[in-house]
Amino acid sequence: MVKNRRFQEEEYGLGVRHMQTFLLFFALTVAYAQRVNLSVAVVAMTDSKGSNLNFPEYNWPEKTKSLLLSSFFWGYVLTQVPSGQLARKFGGKITLLTGLGLCSVLNIFTPLFARWGGWQLVCALRVMEGLCQGVVFPSVHTLISAWVPPSERPVLGTCAYTGNQFGTIVMLATSGLLASSSAGWPSIFYISGGVGCIWAIVFFFWGASSPAQYKRISVEERKMIEMAQASEAVSEQPKEKLHTPWLSFLTSPAFLALIVAHSANNWGFWTLLTEIPSYMKNVLGKDIKSNALLSALPYFAMFIMSFIFSGIAMQLNKRNCISTVTSRKLFNSIGLWVPMLALIGLAYVDSAQSNLAVILLTVTVGFNGACYVGFQINHLDLSPNFAGILMGITNCVGNIMSIIAPLLVGFIVNNEEDVEQWRVVFFIAAAIYLVGNGLFIIFGKANVQPWNDPPAKHRRSSTLHVESQH
């Protein structure tokens with residue numbers, strides 16, 4: 001019976017669940033475009049000589065610019081955990097639509113706020129944007145849990161989350177053109193905010209929190225999704241009535257290992273995103289941001305590699321080559337330990353090997369895409385009922401690391417041209433990758449945890465999808 005059900009699931013083909021994944025892909029594209037737009041626009045805002053002289057220029061020192069770039073995360077970390085709870089109670093559609101829709105409107109007002117209140121008002125605006133975007137990942141995880149059958153999560157989950165890289169690529173590749181166009185640097189905010197508003201309208205009409213709430217889904221596809229999800233431990237009560245087992249979360253070795261893996265990933269990712277351009281310019285004499293396409297290259301590599309890794313994971317799962325837990329640990333090791341080795345290599349590259357440095361940077365970011373079929377979807381393995389809340393917790397802790405990492409770099413690197421100081425930065429990031437993934441390998445799991453269904457007895461199917469995880 002189970003094999004037949006799987007066969008039917010595979011033969012069903014494209015459906016509403018794929019459309020929902022497509023909408024989530026564009027949600028994350030918009031979210032990341034709005035997240036990184038200031039980092040590229042602030043160059044033109046503070047140095048209009050290189051872009052368009054017809055728009056205001058602000059004399060903001062480096063310390064102020066760093067403050068502005070970090071202010072997004074002040075608000076972002078505050079709404080992570082409550083967002084997961086809200087997504088479970090009201091549905092992922094409501095929280096995602098509200099948060100990203102408001103953030104899109106706020107983006108449009110950025111040039112006006114800069115003119116009215118200078119960097120102080122822009123800083124307050126970015127904090128509000130962070131508060132709004134704090135709902136994004138918990139909501140997306142909740143929606144994937146509701147819409148995507150377990151066997152399709154490696155591929156469809158990756159398809160949704162590669163919106164992160166796509167948004168980064170588009171913003172980095174087009175920002176220079178927008179800033180130098182007749183519309184000037186304000187167009188960066190107008191377009192990213194306007195596209196977000198268009199997405200919100202589309203998602204309002206075609207998005208849904210679950211198959212049961214989407215009227216135009218076929219009976220066959222709805223039953224297929226529900227039967228596939230029945231292979232997991234599920235509650236006999238409605239999800240919104242389940243008591244959230246906070247203590248069980250925080251005393252679970254598997255979940256604590258997931259927090260560590262997520263935090264290690266964020267430490268390395270944001271160290272690279274915020275500090276590598278400075279390293280390229282001051283140590284290698286090559287300003288990677290001077291070429292928009294070169295800036296986008298590592299993220300384009302990550303975008304492509306994410307699909308390659310998800311395809312490999314899907315084939316391994318179909319052929320029963322390895323268990324789910326082995327798959328998660330294998331790809332997480334590729335996503336963290338290959339970049340670890342590349343970072344160590346980058347620490348020993350000198351100014352005469354700038355092209356090698358770009359290659360190592362591309363390898364570091366590109367192979368990090370394997371994490372999308374590693375820790376990134378492990379929340380869904382551990383607890384389908386509380387996946388959004390788990391993502392909120394790990395993303396909250398992980399983004400605290402995103403704030404601390406650049407601050408530590410500023411403490412270590414007093415002379416930006418000192419290779420030895422930068423070497424310490426890369427070694428610290430490599431060590432965190434080593435420890436973070438090591439703990440995930442030791443303590444990580446991929447079977448549904450008992451606390452997924454605290455009030456009632458949980459059921460488990462005899463499918464290989466569950467059995468193979470033990």
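Throughout these views, buried means under 20% relative accessible area, exposed over 50%, and partly exposed in between, using a 1.4 Å probe and protein chains only. The model is predicted, so local features need pLDDT of at least 70 and side-chain atom pairs count only at pLDDT 80 or more, while totals for chains, interfaces and linings use all residues. Residues are numbered from 1 along each chain as its sequence is written, and side-chain values use heavy atoms, with hydrogens and water left out.

View 1. Arg 222 and Glu 226 form a salt bridge (side-chain nitrogen of Lys or Arg within 4 Å of a carboxyl oxygen of Asp or Glu), with their closest N and O atoms 3.0 Å apart. The two are four residues apart in H11, about one helical turn. Here helices are DSSP runs of H or I with at least four residues, numbered from the N terminus. Arg 222 is partly exposed at 33% relative accessible area, and Glu 226 is partly exposed at 37%.

View 2. Glu 221 and Arg 17 meet through their side chains at 3.0 Å, N to O.

View 3. Twelve of the 17 residues of H5 are buried, so the helix is largely enclosed by the rest of the structure. Among the buried ones are Leu 96, Leu 97, Leu 100 and Cys 103. The buried residues pack (contact means heavy atoms within 4.5 Å) against helices H2 (16-46), H4 (80-90), H6 (110-133), H7 (136-147) and H10 (186-206).

**View 4. Aromatic pairs.** The structure holds 31 aromatic pairs, meaning rings of Phe, Tyr and Trp (its six-membered ring) with centres within 6.5 Å; planes under 30 degrees apart count as stacked, over 60 as edge-to-face and the rest as tilted. Phe 109 and Phe 113 make a tilted pair, 6.2 Å centre to centre with 45° between the planes. Phe 269 and Trp 270 pair edge-to-face, at 5.5 Å and 85°. Phe 269 is buried at 10% relative accessibility, and Trp 270 is buried at 7%.
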